[in-house]
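Subject: Structure handover and notes

Hello,

Please find the structure below. My notes on it come after.

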Amino acid sequence: MKFGILVNEGPFTHQASDSAYQFVKAAIEKGHQVMRVFFYYDGVNNANKLSAPQSDDRNLVKLWGELAAEHNVDLVVCIAAALRRGIVEDNLADGFRISGLGQLTEVGIAADRLVVFGD
Amino acid sequence: MSDTEIEFDTAGITRKFMYVNRKAPYGTIYALEVLEAVLISAAFEQHACIVFIDDGVYQIKKGQDTAAVNMKNFSKTYGIIAMEKEDADEDEDMDMVWRIIVEKESMEARGLSRDDFVIDVEVIPSDELAIIMAEQEIVISG
Amino acid sequence: MIHTVNKSPFERNSLDSCIRLSVKGAPILLIEDGVLAATRGTSVSDKVAAAMDDHPMFVLGPDLKARGLAEDDVADGITIVDYSGFVDLVVEHGTVQSWL
C-alpha cells in the first residue's frame, strides 16, 4: 500500500515527528511504500541541519535523512512554512527538498492513505 | 525550489478531502496554515469539506480586529474560500464539490449562531457530520 | 475510517470530539498522551468504557511504556498494539482522522 505522511511539528516540542518516524519505519518494514513525507507548520524544523541535539538524544533530522536515503522516501518541506521559520537551501539537511504546498495535495491524491501527525 | 522535483500523476483523479479546524485563531498558527492548504487544493480541483468544530468555530467569527495584537487578520481570507465554493457550484464542467460546515453542537456550546460568521456555512449536527466524515478519503487536521 | 487521539483526556477535549463525531463501529487508536485514557480506575474510565460499546479501542504500547504505564494497567477490552499494529489498522480501516 502507498502511504503519504504529514508532519506538523518539529523535533523538540512535540512527539509528532517521532511518532511519524516510527510509523514510517514500521510501514516500510512491512513492505509498504511511503511515497512522501510532507513537513508543514513547525514540522519544517525537522529539516534544519543546524539543529544540534545533545549527544544522548536522538537526532531526528539525521534519522529522517538516513531513512530517505535508504528507502527512497521523498521528504518535502513546505516552502511558505519554511521561509517563515528561516529554513532555506543553505541550512536544509540532507535528504530533504523544499517545494510548494501543492505537493501535499498531490500526495493526498496519489497515496492510498494520508496519515497526519501533529499537535 | 530544489533542483529535483518529484511529481506524481494526479491527472483526472478527484478525491474527497476534508479539512478539520478545531482551534481558535491567533493563539496558534494552525488556522492560517490550514487555510493555505485548502486554497492550494482548489488548483487540483479536488472535493473539499472545510469543517469547523470545537474552538475552530471562532476562526470564522465576525468582527476580528487584530490591530492591537499586531497580527495578520486572516479572517477575510475565508471569503476567498466562499468564492471558490461558489465557482465550483456554478461551473457545471467542474467536477468539484466544496462544502463549508460548522458543527451545530460546537457552535451552540459557544453561544454562537450562523449570523456570527463571516461566510455562509452549513450548520450540521454531530451525528450527521460523523457520517460525512466517514465518507472522506483524506482528512487533514491542523 | 480509523480515528487516532493523541491528547490527554484530562487536559483536552480531543477524545470527546472524536467520540461525538465518529460513526458506530469505527475504531479509535490512542497514541502519545492519548494513551492516558486507556488505564483503569481513572475519572474518564466510565466514558471510555461507554465509547467501547460503539468503537473497538486500541492503544499504542510503546507510548504506554514510555509513560510508565504497564499493560496490566490498561482497562479490559482495549487492545494494545505496536507501530506495526498501527500500520495494520490504517491499512485495514481506510482514511485516518487524527484528532489533534
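Predicted model: local features only at pLDDT ≥ 70, side-chain atom pairs only at ≥ 80, totals over all residues.

Residues are numbered from 1 along each chain as its sequence is written, while chains are lettered from A and ligands numbered from 1 in the order in which they are written.

The predictor assigns the complex an ipTM of 0.97 and a pTM of 0.97. In chain C the average pLDDT is 98, and 100% of the residues score at least 70 (pLDDT is the predictor's confidence in each residue, from 0 to 100).

Contacts between chains

Two residues are in contact if their C-beta atoms, placed from the backbone, lie within 7 Å. Helices (H or I, at least four residues) and strands (E, at least two) are DSSP runs, numbered from the N terminus. For residue classes, Ala, Val, Leu, Ile, Met, Phe, Trp, Tyr, Cys and Pro are nonpolar, Asp, Glu, Lys and Arg are charged, and the others, Gly among them, are polar.

Between chains A and B, the contact involves 23 residues from chain A and 25 residues from chain B. On the chain A side, α3, β4 (96-99), α4 and β5 (113-117) each give two or more residues. The largest share, eight residues, is from α4(A). By class, this side of chain A has 14 nonpolar, six polar and three charged residues.

Helix pair between A and C

Helix α1 (residues 16-29) of chain A packs against helix α4 (residues 83-93) of chain C at about 75 degrees, with the axes 8 Å apart. Axes are lines fitted to C-alpha atoms, for helices over the stretch in contact, and angles run from 0 to 180 degrees between N-to-C directions. The angle therefore makes α1(A) roughly perpendicular to α4(C) (65 to 115 degrees; under 35 is roughly parallel, over 145 roughly antiparallel, and the rest oblique). A:Gln22, A:Phe23, A:Ala26 and A:Ala27 meet C:Tyr83, C:Ser84, C:Phe86 and C:Val87 in this contact.

Burial and core

A residue is buried if 20 or more other C-beta atoms lie within 10 Å of its own, exposed if 12 or fewer, and partly exposed in between, with C-beta atoms placed from the backbone. Among the buried residues of α1 (residues 30-43) of chain B are B:Tyr30, B:Glu33 and B:Ser41. Their cover includes α3 (79-84) and α4 (102-110) of chain A.

The largest nonpolar core has 105 residues, of which A:Ile5, B:Tyr19 and C:Leu30 touch the most other members (a core is a set of buried Ala, Val, Leu, Ile, Met, Phe, Trp, Tyr and Cys residues joined through C-beta atoms within 7 Å).

Positive phi

B:Asp54, not a glycine, has a positive phi of about 50 degrees. B:Asp54 lies in the loop between β2 and α2 of chain B and is buried, with 24 other C-beta atoms within 10 Å. C:Glu32, also not a glycine, has a positive phi of about 45 degrees. C:Glu32 is buried, with 23 other C-beta atoms within 10 Å.

Regards
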